[in-house]
Amino acid sequence: MIIETDRLILKPLAVTDYEAQCALWNQEPVFRHITGKPMTGDEVWLRLLRDIGHWQVFGHGNWSVKLKTTEQHIGSIGLFDYKRDITPAFDAFEAGWVFDPAFHGQGLASEALQATLLFGDEKLKLPKTLCMISPENEASLRLAERHGYVRIRHSLFHGHPVLILERPHA
């Protein structure tokens, strides 16, 4: 499922996105609030295969976000169920995103998230979605809240504090 917005093309993540994903997951502003450390090539590969498999099982997942003008990979975004080891367990699909810092502050993440949530609302008829964000990741928290997410609880994920936010179907 390919989604186009005014400035972006969202394509299901594919093996051809491996190098771009390696570059993305090795930038400190990207991994700081998510993994806390750069990802090795094999970690990126396993993550990519997980995302490709998600499309096979559910018919949706993470998209590669590309600029419409150049098709440059600038991030990924999606709706997924990663079976997180978190208490309480998630009871809805999760929304998540990560963008190359060179493209922060241009409204591109907001444009991609709006398209993703519209897909979830209209095509998947999801009653709600959740997202998990580090309390220090103020930019992602602002983005989520601008798109209807509200903070519902604090939790721990792999020993690190996270905020869980929920967005009911629009």
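1. Confidence. In this predicted model, confidence is lowest in helix 2, residues 28-31, with a mean pLDDT of 77. Strand 2, residues 8-12, has the highest value, at 98. Over the protein chain the mean is 92, and 99% of the residues reach 70 or more.

2. The nonpolar core. The largest nonpolar core has 30 residues. Which of them touch the most other members? They are L8, V65, I74, I77, W97 and L165. The largest share, 6 residues, comes from helix 4.

3. Helix 4. This helix covers residues 108-122, which makes 15 residues. From its first C-alpha to its last it reaches 21 Å, close to the 21 Å expected at 1.5 Å a residue. Is helix 4 largely enclosed or largely open? Of its 15 residues, 11 are buried, so helix 4 is largely enclosed by the rest of the structure. The buried set includes L108, L113, L117 and F119. Also on that list are S110, E111, T116 and D121.

4. Aromatic pairs. How many aromatic pairs does a search of the whole structure find? The search finds 5. In one of them, the ring centres of Y18 and W45 are 5.6 Å apart and the planes meet at 85°, so the pair is edge-to-face. Y18 lies in helix 1 (residues 18-24) and W45 in helix 3 (residues 41-58), so the pair ties together parts that are 27 residues apart in sequence. Y18 is partly exposed, at 22% relative accessible area. W45 is partly exposed too, at 34%.

5. A pair between helix 3 and strand 5. F58 and F93 also form an edge-to-face pair, with 5.4 Å from centre to centre and 90° between the planes. F58 belongs to helix 3 and F93 to strand 5 (residues 93-99). The pair links distant parts of the chain, 35 residues apart. Buried or partly exposed? F58 is partly exposed, at 37% relative accessibility, whereas F93 is buried, at 18%. The cut-off for buried is under 20%, which is why F93 qualifies.

6. Other ring contacts. W55, W63 and F119 are linked into a cluster by ring pairs. F119 is also one of the buried residues of helix 4. Elsewhere, R50 lies over the face of Y82, 3.5 Å from the ring centre.

7. Cysteines. A search of the whole structure finds 0 disulfides. C22 is buried, with 13% relative accessible area. C131 is buried as well, at 1%.

8. Backbone points to check. Most residues other than glycine have a negative phi, and most peptide bonds are trans. Where are the exceptions here? The peptide bond from T87 to P88 is cis, with omega near -5°. P88 sits in the loop between strand 4 and strand 5. K83 is found in the loop between strand 4 and strand 5. Phi of K83 is positive, near 50°, and K83 is exposed, at 68% relative accessible area. E71 has a positive phi near 60°. E71 lies in the loop between strand 3 and strand 4 and is partly exposed, at 39%.

Methods. Residues are numbered from 1 along each chain as its sequence is written. This is a predicted model: local features need pLDDT of at least 70, side-chain atom pairs count only at pLDDT 80 or more; totals for chains, interfaces and linings use all residues. Side-chain values use heavy atoms; hydrogens and water are left out. pLDDT is the predictor's confidence in each residue, from 0 to 100. Helices (H or I, at least four residues) and strands (E, at least two) are DSSP runs, numbered from the N terminus. Rings of Phe, Tyr and Trp (its six-membered ring) pair if their centres lie within 6.5 Å; planes under 30 degrees apart count as stacked, over 60 as edge-to-face and the rest as tilted. Buried means under 20% relative accessible area, exposed over 50%, partly exposed in between (1.4 Å probe, protein chains only). A charge sits over a ring if NZ of Lys or CZ of Arg is within 6 Å of the ring centre and within 35 degrees of the ring normal. The expected span of a helix is 1.5 Å times one less than its number of residues. A disulfide is a pair of cysteine sulfur atoms within 2.5 Å. A nonpolar core is a set of buried Ala, Val, Leu, Ile, Met, Phe, Trp, Tyr and Cys residues joined through side-chain atoms within 4.5 Å.
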